[in-house]
Amino acid sequence: MIIIFNILLHYPGFVKNARLTIMGDPLVLDVMPLQLLGGLTAADLWPTMNAAMLGWLLLAVAPRWKYTSTLTILPPLLHSAIYLLTMGSLVLDDAEGTLGADFTTLEGVATLFQNHNAVFIGWFHYLAFDLLIGRTICEDSIRRGVSWKGHVLFVVPCLLFTLMLGPIGWISYIALSPLILGSSIQSSNTNKTKNS
């Protein structure tokens, strides 16, 4: 995992400073050094999000490859570790109490997401969980005996929706998989009958 982290950190798109240009105007990010991550900033760590794309690619094109299950768990582990260490750093450096966000109101959450470090943490939260949902979809479809054609025509679109729109991909799979793939009970009973 450290090797993957180092490769991603030194990716050519690595952000050397915390300035981005959006529509011609420079945007200065209010990111602070994260002490539990060696003083790196959220902008420095941002390229590690690319690890998730490896997982999505494997789920789409090589779902039955013997290494897919192992390799697709690595990005969520990496992103979860970064999430944990970033959150720890922010809590340790929160002398002003700015992390005491009000999650019960829309205004409170909107205020929290005005902080670029909070946006960073939120994005890594999505990266980790969306890929875990994608893995679950893929593994369930394989357990149900999906054909390659079924994978391409049904599972891959659900994976794409999960990657881009999160819950829409998951609910699409949950709602349509019994109709397209049959229930897991029927699939396992069919396999038992075949093996008898």
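Predicted model: local features only at pLDDT ≥ 70, side-chain atom pairs only at ≥ 80, totals over all residues.
User: Let's start with the overview. What makes up the secondary structure of the protein chain?

Analyst: The protein chain has 10 helices and two strands. Going along the sequence, the pattern reads α-β-β-α-α-α-α-α-α-α-α-α. Of the 196 residues, 36% are buried. And if you take the contacts with a separation of 6 or more, 70% of them join residues 24 or more positions apart.

User: Why are α3 and α7 called roughly parallel?

Analyst: Start with the angle. The axes of α3 (residues 51-61) and α7 (residues 116-143) cross at roughly 15 degrees and come within 10 Å. Angles under 35 degrees count as roughly parallel, and therefore α3 and α7 get that label. The crossing of the two is left-handed.

User: Which residues make the contact of α3 and α7?

Analyst: From α3 you have Ala52, Gly55, Trp56 and Leu59, and from α7 there are Leu127, Asp130, Leu131, Gly134, Arg135 and Cys138. Sorted by class, the contact of α3 with α7 has six nonpolar, two polar and two charged residues.

User: What makes the buried residues of α3 count as lining one face of the helix?

Analyst: First, the residues themselves: Ala51, Ala52, Gly55, Trp56, Leu58 and Leu59 are buried in α3. Look down the axis of α3 and these buried residues fall within an arc of 160 degrees, so they line one face of the helix. The face turned away from that buried side carries Leu57 and Val61, which are exposed. As background, an α-helix has 3.6 residues a turn, so residues three or four places apart point the same way.

User: And α3 with α8? How do you know whether they are roughly parallel or antiparallel?

Analyst: The axes of α3 and α8 cross at roughly 155 degrees and come within 9 Å. Anything over 145 counts as roughly antiparallel, so α3 is roughly antiparallel to α8. Where they meet, α3 brings Met53, Trp56, Leu59, Ala60 and Val61, while α8 brings Trp148, His151, Val156, Leu159, Thr162 and Leu163. By class that's nine nonpolar, two polar and no charged residues.

User: Trp148 is in that list. Why is Trp148 called partly exposed?

Analyst: Trp148, which is found in α8, has a relative accessible area of 47%. Buried means under 20% and exposed means over 50%, so 47% puts Trp148 in between, as partly exposed. Leaving out residues up to four places away in sequence, Trp148 touches Ala60, Val61 and Pro63. The C-alpha atoms of Trp148 and Val61 are separated by 9.8 Å, although the two residues are 87 apart along the chain.

User: What makes α8 and α9 roughly antiparallel?

Analyst: The axes of α8 (residues 148-165) and α9 cross at roughly 160 degrees and come within 7 Å. With over 145 as the cut-off, α8 and α9 are therefore roughly antiparallel. α8 passes α9 in a left-handed crossing. On the α8 side the contact is made by Phe154, Cys158, Phe161, Thr162 and Leu165, and the residues from α9 include Pro167, Trp170, Tyr173 and Leu176. The tally for the contact of α8 with α9 is 11 nonpolar, four polar and no charged residues.

User: How do you know whether Ile171 is buried, partly exposed or exposed?

Analyst: Ile171 lies in α9, and its relative accessible area is 45%. Since buried needs under 20% and exposed needs over 50%, Ile171 is partly exposed. The C-alpha atoms of Ile171 and Phe161, 10 residues apart along the chain, are separated by 9.7 Å.

Note on methods. Residues numbered from 1 in each chain as written. Heavy atoms only, no water. Axes fitted to C-alpha atoms, helices over the stretch in contact; angles between N-to-C directions. Helix = DSSP H or I, 4+ residues; strand = E, 2+ residues; numbered from the N terminus. Parallel < 35°, antiparallel > 145°, perpendicular 65-115°, else oblique. Left-handed = near helix turned anticlockwise from the far one by under 90°. Contact = heavy atoms within 4.5 Å. Nonpolar A, V, L, I, M, F, W, Y, C, P; charged D, E, K, R; others polar. Buried < 20%, exposed > 50% of the residue type's maximum accessible area, 1.4 Å probe, protein only. Arc of directions from axis to C-beta.
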